[in-house]
Structure formats: structure tokens, C-alpha cells
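Student: Please take me through this model and show how each term is applied.

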Amino acid sequence: MEIFHIGAECYPVAKVGGLADVIGALPKYQSSTENQVRVVIPCYQTVFRLENDFECVHWGKLKLGNFNFPFSVLKEISNKLGFELYLVEIPELFDRPNIYNYRDDIERFLSFQIATLDWITGRSSIPDIIHCHDHHTALIPFMNKYCPKYEKLREIPTLITIHNGLYQGIFSFNKLYYLPEFDLIHVKELEWGNCINSLAAAIKCADEVTTVSPSYLNEINNSNNGLETLFQQFRHKSRGILNGIDIDVWDSNKDPMIENNYSIETIADGKQKNKEYLCSLFNLDASKPLFCFIGRLYYEKGADLLPEVVLSALTTYKEEINILILGHGDVELENQLSHLLSEFSGNYNVYIGYNEELAHKTYAGSDFILIPSRVEPCGLNQMYAMRYGTIPIVRRTGGLKDTVVDFEDNGNGICHDNASVEDICDSIQRAIDLYKNKEIIDQIRIKGMNTNHSWETVSQEYIELYNLIITKRYES
Ligand code: ADP
């Protein structure tokens, strides 16, 4: 089977969050003698692009309404990621340092989708399945189905995976002319809330819709920024498949980014050594339990609660705990977290920015990780943390609910129900008590490390789904 994954990020090429981790790992686990897996993302100005060798396999000119953009498709030569990686280079739109948050993001990602389909249409062979990820690629199922230009691809089933339904790629009908020509009888397939809504179009047009956890699928049927009734309508072709993790990259026993490698047998000593190193970097006391947060500093992540949590927890338990925060995002929140430094120096520190290596060191060196998300489609942090023997403290929502069970229910973490300072601090109190009981804390750590969240099994679930939708297409 020839599988195309199309998305905006792919680790280690270009990463903002979990989307990159999934597109960098799932294809690797799907690749086999039977399955040729190709990944297509835009070509950003990233270190990976500069440090690796590529060959140009296609060049052309894409049409976005009245604009024409030259583009080329670059293939990474050595297949070092375990699959074929293609970068769509549109210099005017993507030759920039950041992945998102440009004024012309709609034009950028629509151009990327058009260039990708132009290229795939012109290839000698056509794929068996096109797997799109999130709203940046969510107009592909519509274009495949209705644009005569892509007639050749019409029979190829498409799948959309929703990694984050909050972002939907919404734009005005004034920009309808950007899309390649199609019969206007189909225009309603693009519409939601009187706008063009890319994600809604994919939910309507793709053969199958997946979310990255079963609980998130249930949640978005009840609340997802206005798309609820659409999700309900297409529930029959939707399913939640829990993300996996790349156990080669996230392995405390051989991770080159951490100071001391350790296994289940050596966790107590190994974690303490990593903690000592991390604490030395951030002026913290390694004899106390270390709570960390790693993630984007946004409301959906519950990060707005962190300043008050730090204030409240460190006022109450100042002599007992350390808190370390690694993240970036909302500037106001970044400032609030930085301001707390002077008050709690020695017990608290914050690193504002994105730092992959430091994230690994923090998973390895922390005792507990705070994941207070309001919305969490899957969440990879808790899975990485558990793999490093770090106990997750989570709000029961989305994928967190599907992967973390409270230790009092014989589980692998600490859970609370509300996205509130009170609930988080209550969990911190329980964690402090737990930390004093070495025997039980070791059991929970080991339970987490033994949990198998590898893509090995999950990736097969996707293959079965591809086969199912291919068969359905043949039957119809
Ligand atoms: P989301 O995709 O919503 O951001 P996930 O939990 O699915 O959340 O994935 C987050 C990924 O991004 C994890 O690999 C996490 O380690 C990483 N990450 C988040 N923020 C940072 C940061 N500031 N520095 C390094 N890695 C980060």
C-alpha cells in the first residue's frame, strides 16, 4: 500500500507540538515491505533542512487565485527518518523561521495543499490512501473530490485526523477564488457558520475522521467551538484512535539528551542523578520533590492557572517542593511566570522558550509533571513522562482521561476533575504525601514505565482502517 501523510509539522524536521511527534513517528512504524509511506510537509527554514541533503523531484508553478507561486518538491536523500520525507518548497510563503502565526497563514497552507496535489497528480503512480492531519491539510479531501484538475485522484480515499479541533482554518468566502476551479453546486461542502471552514469541509468530505483519543471524540460531539452538530452528523464515520509514542526516541535507557540513562531496575538512582543535574541548572534543591510543567503556555493547556498555582503551592509548601516550568506562548503569561522568580528563587524556575533537549532532561529529572489542560485531544507529555518514571498529575479530560488513572484506583498517576487552582493544589498536596512513601511511589513509577504506548500496535489500527475504507470505496 502506498500511503501519503500530509501535515504541517514533522519531528525532527519542524516541530511546535504533538502534531510533529505523531507525523514523525506513525509513518515510521507503518513502513514495511508492504507499505511505502511518504510524508509531505512544507519546507520551512529549519536546522534539519539546512543540515541534510535533498534532491529536487518536482518543480512547478501553483495557482492561488490570481497569484502564481513557483514551488519545488524536495526529497530527503537518505530516508534517515524511516520513511520518505518530501518538503514542498514555496520560497515566498514558507522560507521563514516560524511555522505558524503569519498574517497570510491561510494563503500559505492553501498553497501548500494545492502544490502537494499538483505534484501527486502528476506522478506516474497514484497512492492508495491520503492521510491528512489537522486543518492545514483539511481542504485536500474536498479538492480531491470536486476539483476536475485532480480528477486522477478522485478514487483515492482520504482520512482526516483531528489533532486539535480548536483550530479550524476558517476564512471568508471572499477568498473562494483561491481554490482550483470546481462546480459551485458543491460549495456548501466548504461552508460552516457562513465561512469557509477547512476542518468542517474535511469532516464532510473525507472517507473517515479520526481523533487522537476516544474520549476527545466524545467531548467534541458535545463542545468544540461550534462544530458539535457537524461531528454528531458524521459520527458514523468517526473513531478515536489513541496516539502512540516513538519508543526509540523516548527511552530513558538510551536517550542521548539526558545526563544519566536509566532503566526500570535503576530508576531510583537514575532519576535522582538526572534530578541533581537539572536542579543544578536551575538553582533548585534536589532533595525536594520536583514538579514540572512542559508545554505551550495557553488557556487550553490550563497554563493561565500556573502563576496562581506556583504562588499558592510555594507559599504553602515553600520548604518542601520545587517547581520548574518550560514553555512559551502567551506573552502576558510568560511575564507573570517570570515575575514570580524573584519571590521564590531557589524553589522555582522558569525557562521561556522551546528547547527539545531541555524537555528530555526535564522529563528525566522531575518527580511529577503537571498537566492541567482544559482541552487535551490526546496529550503526549503524560506518556513521555511515564516512560521516564515521572508521575503525571492530570485533569481528567480527553486523552489524559484515557491514559492516566489515579493511584488510589490502583493507577499510574494523580487525577483531578476541575481546571482550577484548588484542584491542582490538592493534587500537589497528595503528591507530596506520596513522595514520602518510597515503596508506593516506586510502584507507581514502575507501573508508568511498564505501560506500553508504543506506535507498534496503534499504527496497525490505522492500517486496518485504511484497508477498510479502501474496501468500502471498491464496494460503492
Ligand atoms: P500539544 O501538541 O497540544 O502542544 P502534546 O502533549 O500533544 O501537546 O505535545 C507536546 C509536545 O511538545 C511534547 O513533545 C512536548 O515535550 C513538546 N513541548 C511542548 N512545549 C515545549 C517546549 N517549550 N520545549 C520543548 N518541548 C516542548
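Student: Which residue in β7 is the bridge partner of Cys132?

Tutor: Ile160 of β7 is the bridge partner of Cys132. This is a predicted model: local features need pLDDT of at least 70, side-chain atom pairs count only at pLDDT 80 or more, and totals for chains, interfaces and linings use all residues. Residues are numbered from 1 along each chain as its sequence is written, and side-chain values use heavy atoms, with hydrogens and water left out.

Student: What makes β6 and β7 a pair?

Tutor: Strands here are DSSP runs of E with at least two residues, helices are runs of H or I with at least four, and both are numbered from the N terminus. Two strands pair if DSSP finds at least two bridges between them. Strand β6 (129-133) and strand β7 (158-162) have four bridges, in the parallel sense, so they meet that cut-off.

Student: What sheet do these two strands belong to?

Tutor: An open sheet of nine strands, with the order β3-β4-β5-β2-β1-β6-β7-β11-β12 and mixed pairing. Neighbouring strands are turned by 20° against each other on average, direction ignored; the axes are lines fitted to C-alpha atoms (for helices over the stretch in contact), with angles from 0 to 180 degrees between N-to-C directions.

Student: How many bridges link β3 and β4?

Tutor: β3 and strand β4 (67-76) pair in the antiparallel sense over 10 bridges. Lys61 has Pro70 of β4 as its bridge partner. The two strands form a hairpin with two residues between them, and Gly65 in the turn has a positive phi of about 60°.

Student: Which backbone details are worth checking by eye?

Tutor: Tyr11 and Pro12 are joined by a cis peptide bond, with omega about 5°. Pro12 is in the loop between β1 (2-6) and α1. Asn101 has a positive phi of about 70° although it is not a glycine; Asn101 is in the loop between α3 (91-94) and α4 (105-122).

Student: Which residues are closest to the ligand?

Tutor: Gly18, Asp21, Arg296, Lys301 and Tyr363 are the closest of the 20 residues that surround the ligand. A residue counts as near if one of its heavy atoms lies within 4 Å. By class, the shell has seven nonpolar, eight polar and five charged residues; Ala, Val, Leu, Ile, Met, Phe, Trp, Tyr, Cys and Pro count as nonpolar, Asp, Glu, Lys and Arg as charged, and the others, Gly among them, as polar.

Student: How do you know where the ligand lies relative to the domains?

Tutor: Domain 1 (2-244 + 456-475) and domain 2 (267-452) both give residues to the shell, so the ligand lies between them. The bounds come from an automatic or database domain assignment.
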